[in-house]
Amino acid sequence: MVKSEIISILSEKTHQKLKKSEFKEILDIIVETIVEGIKDNRSCELRSFGRFSVKKIKGRINARNPRNGQIIQTNDKISISFKMSKELKREINNSERETN
């Protein structure tokens, strides 16, 4: 699902008074807020959906370049981790059982 599909679904399920451009702006603000929290090294939890958190990956001294086998050093990195909530996990697993 892409951003435009999410905006279309939101406009269908909610008040018709709001324009799709307003839904796009709301979605942009939500995503921007989550990104700012991640940049500030804070996790972002959306109840009944999941939690986005910062994961630090240490650099390696003895990593290898796959093209030529040369030993290289990699720098520390920051990655984003997502852990789904118990409610979401339960809902996904129940929907899989119903389709089987």
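Strands β2 (50-57) and β5 (residues 77-84) pair in the antiparallel sense over 8 bridges. Strands here are DSSP runs of E of at least two residues, and helices are DSSP runs of H or I of at least four residues, both numbered from the N terminus; two strands count as paired if DSSP finds at least two bridges between them. The model is a predicted one, in which local features need pLDDT of at least 70 and side-chain atom pairs count only at pLDDT 80 or more, whereas totals for chains, interfaces and linings use all residues. Residues are numbered from 1 along each chain as its sequence is written, and side-chain values use heavy atoms, with hydrogens and water left out.

Contact is defined as heavy atoms within 4.5 Å. The pairing of β1 with β2 is likewise antiparallel and spans 3 bridges. Here the bridge partner of Cys 44 is Phe 52 in β2. In general, strands of a sheet pair through backbone hydrogen bonds, either parallel or antiparallel.

Accessibility was classed by relative accessible area, with buried meaning under 20%, exposed over 50% and partly exposed in between (1.4 Å probe, protein chains only). In strand β2, Ser 53 counts as buried because its relative accessibility is 16%. Apart from residues up to four places away in sequence, Ser 53 touches Ile 38, Ser 43, Ser 79, Ile 80 and Ser 81. Ile 57 is also found in strand β2 and is partly exposed, with a relative accessible area of 38%. With the same exclusion of residues up to four places away in sequence, the contacts of Ile 57 are Asp 76, Lys 77 and Ser 79. The C-alpha atoms of Ile 57 and Met 1 are separated by 29 Å, the two residues being 56 residues apart along the chain.

A nonpolar surface patch of about 400 Å² is made by Leu 46, Phe 49, Phe 82, Met 84 and Ile 92. Patches are made of residues with over 30% relative accessible area and no salt bridge, like charges being joined within 9 Å and nonpolar side chains (Val, Leu, Ile, Met, Phe, Trp, Tyr) within 5 Å. Accessible areas come from the Shrake-Rupley method with a 1.4 Å probe, and for residues only the protein chains shown count as cover. One of the patch residues, Phe 49, is found in the loop between β1 (44-46) and β2. Phe 49 is partly exposed, at a relative accessible area of 39%.

The structure holds 5 salt bridges, each defined as a side-chain nitrogen of Lys or Arg within 4 Å of a carboxyl oxygen of Asp or Glu. In one of them, Lys 3 pairs with Asp 28, and the closest N and O atoms are 2.3 Å apart. Because Lys 3 lies in helix α1 (residues 3-13) and Asp 28 in helix α2, this pair ties together parts that are 25 residues apart in sequence. Lys 3 is partly exposed at 38% relative accessibility, as is Asp 28 at 26%. A salt bridge also joins Glu 36 to Lys 39, with the closest N and O atoms 3.9 Å apart. These two residues of helix α2 are separated by about one helical turn, since they are 3 residues apart. Glu 36 counts as partly exposed at 38% relative accessibility, whereas Lys 39 is exposed at 63%. The side chains of Glu 45 and Arg 47 meet in a further salt bridge, at 3.5 Å from N to O. Of this pair, Glu 45 is partly exposed at 46% relative accessibility and Arg 47 is exposed at 70%. Salt bridges that share partners join Lys 3, Lys 24 and Asp 28 into one network.
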